[in-house]
Amino acid sequence: MAINLSKGQKVDLTKTNPGLTNVVVGLGWDVNKYDGGNDFDLDSSVFLLNGAGKCASESDFIFYNNTTGANRAVEHTGDNRTGVGEGDDEQVQVDLKNVPQSIERIAFTITIHEAEARGQNFGQVSNAYVRILNATNDEELIRYDLGEDFSIETAVVVGELYRHGGEWKFNAIGSGYQGGLAALVNDFGLNA
């Protein structure tokens with residue numbers, strides 16, 4: 001039975017699931033009825049962060065054009081350009097035991113592609129969520145539904161996996177940003 005989290009909650013992942021080494025992070029969303037003339041293209045991205053909360057290099061930024069990182073321990077499975085259909089819109093596979101020790105946090109984000117040019121924001125998005133699945137049996141372990149009403153934000157840090165005392169935990173963040181992907185890239189220590 002999955003643990004449902006609220007914004008700001010943290011939960012043990014590997015301690016409460018002994019032997020867990022491979023997880024799938026599923027991200028999903030729906031677009032509200034919208035007649036702005038442009039399609040919505042939401043994208044998930046992953047930032048592999050050191051102890052200072054920054055990416056050590058551009059290779060620590062995982063997205064649809066750079067799908068693997070952390071010595072192949074983190075893999076983005078591809079871009080869903082429409083968000084149509086049931087279930088996860090995009091997924092990231094994480095091999096927890098092989099994530100290099102220099103990576104202390106793995107941040108998961110959702111951004112709206114060309115949001116400013118298209119006049120789009122997260123106020124037009126609903127049912128956004130992140131969930132953690134056991135990759136061996138597809139059991140949902142953790143789920144965080146972003147119930148917040150973001151009105152002007154064009155990027156959201158939904159949550160992060162992080163190391164603590166030799167174990168992996170999950171933090172439900174739900175923090176919105178203006179400035180889209182570029183704002184996140186800059187915040188995590190890279191140049192947009």
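This is a predicted model: local features need pLDDT of at least 70, side-chain atom pairs count only at pLDDT 80 or more; totals for chains, interfaces and linings use all residues.
The structure holds eight salt bridges. In one of them, Arg131 pairs with Asp88, with 2.8 Å between the closest N and O atoms. This pair links distant parts of the chain, 43 residues apart: Arg131 belongs to strand β10 (residues 125-134), and Asp88 to the loop between β7 (74-76) and β8 (90-95). Arg131 counts as buried at 18% relative accessibility, and Asp88 counts as buried at 17%.

A salt bridge also joins Glu160 to Arg105, the closest N and O atoms lying 2.7 Å apart. Here, too, distant parts of the chain are linked, with Glu160 in strand β12 and Arg105 in strand β9 (residues 105-112), 55 residues apart. Glu160 is buried, with a relative accessible area of 8%, whereas Arg105 is partly exposed at 26% relative accessibility.

Asp145 forms a salt bridge with Arg143, with a closest N to O separation of 3.1 Å. Asp145 counts as partly exposed, at 40% relative accessibility. Both residues belong to a network of salt bridges that links Asp88, Arg131, Glu140, Arg143 and Asp145.

Glu153 is located in the loop between β11 (140-145) and β12 (155-164). A polar atom of the Glu153 side chain lies 3.1 Å from the backbone nitrogen of Ser151. Leaving aside residues up to four places away in sequence, Glu153 touches Asn121, Phe122, Gly176 and Tyr177.

Key: Residues are numbered from 1 along each chain as its sequence is written. Side-chain values use heavy atoms; hydrogens and water are left out. Helices (H or I, at least four residues) and strands (E, at least two) are DSSP runs, numbered from the N terminus. A polar contact is a pair of N or O atoms within 3.5 Å; within protein, one must be able to donate a hydrogen and the other to accept it, and residues adjacent in sequence count only if both atoms are side-chain atoms. Contact means heavy atoms within 4.5 Å. A salt bridge is a side-chain nitrogen of Lys or Arg within 4 Å of a carboxyl oxygen of Asp or Glu. Buried means under 20% relative accessible area, exposed over 50%, partly exposed in between (1.4 Å probe, protein chains only).
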